[in-house]
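Hello,

Here is the structure I promised to pass on to you. Please have a look at it first, and then read my notes below.

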Amino acid sequence: MPRRPGLSVRLRLTLSYAGFLAVAGALLLAVVWGYLLRYVPDNPQGLLGISPNRWLLVRTFFPAAAVAMAFLLVFGLVGGWFLAGRMLAPLDRITAAARTAGSGSLSHRIRLEGRRDEFRELADAFDTMLGRLESHVAEERRFAANASHELRTPLAISQTLLDVAREDPTRDRDQLIERLQVVNRRAIDLTEALLLLSRSDRGTFAREGVDLSLVAEEAAETLLPLAERRGIALDVTGGAARVGGSAELLLRMMTNLVQNAVVHNLPTGGTVTVHTEERDGAGVVRVENTGPVLAPELVPTLTEPFQRGTERARTDEHAGAGLGLALVHSVVRAHAGTLDLAARPAGGLLVTVTLPTDTC
């Protein structure tokens, strides 16, 4: 919104300093006039006939007072301009940093030196904000690049299948349609996961009371056929755990946790245990599964989008885009909860989700 030009802060501070000094000088002169000249006799002989009278002192005093007031005014303007400049120098650096950030460069930092004061706290807060903003923008750019790459893969496969069908009209059409359906289904699932991840990051969802035990049972019932095909024993234990949040997002979170535990498990004879409980004023979900031993340096990367890790890569129909635990982390964060991942010494993973208890 356009604004009318006005006086700069430095000029206003200068005028304030000069005005304050002039008023102080005028008050001092008024005190001299009121408490000194009042005791000087107003007669031709003056005091005891030897000192000047009031008229003579006033005639001598007023020119000197006028010179002193002019000096105070000039001194106040010059000194005030200098002091205001020194006072506002840190603000100029903060403004320059803000303009640099506004141009798209987020790597610049103010790093204001000196003792802690209001300007130093403002500069430190601005540096912290720039650091977080730079990290967030870098993460968003990396996410967009990875998402584009992941979405391009099924589209490229679809294009290849169509090109092959065009060049070979005798090719089995039912097989082609089936493969296209699989590829298209994966693209749709990936797009829905990206949209859900974006929605949970924004936190734009209605909150209601949700029982995590019921959510866990629904997720387990949905994925039970997958677990049976892989020979995985799926068990849900524990009691009610009511939390406040989005039922849709929490169901997706639970489904991703259980599916991740089933898919990344032993080839056969594995187990998945889902346990829900209320503890210390919070709803807790623990998902524990058997599986290969995970390297300690791999565990912290499991919640990063599109990070699968060589040990977790799948080549079957459940080859994901690396968004499972990333979406879980996003949903937990949107619900003001905590997510803890720990590699089991015997192999597999233990995931613990803690969410605030429902206060609705």
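A word on terms before the helices: axes are lines fitted to C-alpha atoms, for helices over the stretch in contact, and angles run from 0 to 180 degrees between N-to-C directions. Helices (H or I, at least four residues) and strands (E, at least two) are DSSP runs, numbered from the N terminus.

This is a predicted model, in which local features need pLDDT of at least 70 and side-chain atom pairs count only at pLDDT 80 or more, while totals for chains, interfaces and linings use all residues. Residues are numbered from 1 along each chain as its sequence is written, and side-chain values use heavy atoms, with hydrogens and water left out.

On confidence (pLDDT is the predictor's confidence in each residue, from 0 to 100), the protein chain has a mean of 80, and 82% of its residues reach 70 or more.

Now the helix pair. The axes of H5 (residues 212–229) and H6 (residues 247–263) come within 9 Å and cross at roughly 40 degrees. H5 and H6 are therefore oblique to each other (under 35 degrees counts as roughly parallel, over 145 as roughly antiparallel, 65 to 115 as roughly perpendicular, and the rest as oblique). Residues in contact (heavy atoms within 4.5 Å) include Leu-223 and Leu-226 of H5 and Met-254 and Val-258 of H6. By class, this contact of H5 with H6 has 13 nonpolar, two polar and one charged residues (Ala, Val, Leu, Ile, Met, Phe, Trp, Tyr, Cys and Pro count as nonpolar, Asp, Glu, Lys and Arg as charged, and the others, Gly among them, as polar).

Next, the sheet. Five strands form an open sheet in the order S2-S4-S5-S7-S6, with mixed pairing (two strands pair if DSSP finds at least two bridges between them). S2 (233–238) and S6 (338–343) stand at the edges with a single partner strand each, so one side of each is left without a neighbour in the sheet.

S7 (residues 349–356) pairs with S6 in the antiparallel sense over six bridges; Asp-340 has Thr-352 as its bridge partner in S7, and Ala-342 has Leu-350. In the hairpin of S6 and S7, with five residues between the strands, Gly-347 takes a positive phi near 115 degrees. S7 also runs antiparallel to S5, joined by eight bridges, and Gly-283 stands opposite Leu-355.

Finally, H5 lies across S2, S4, S5 and S7, running at about 170 degrees to S2.

Best wishes
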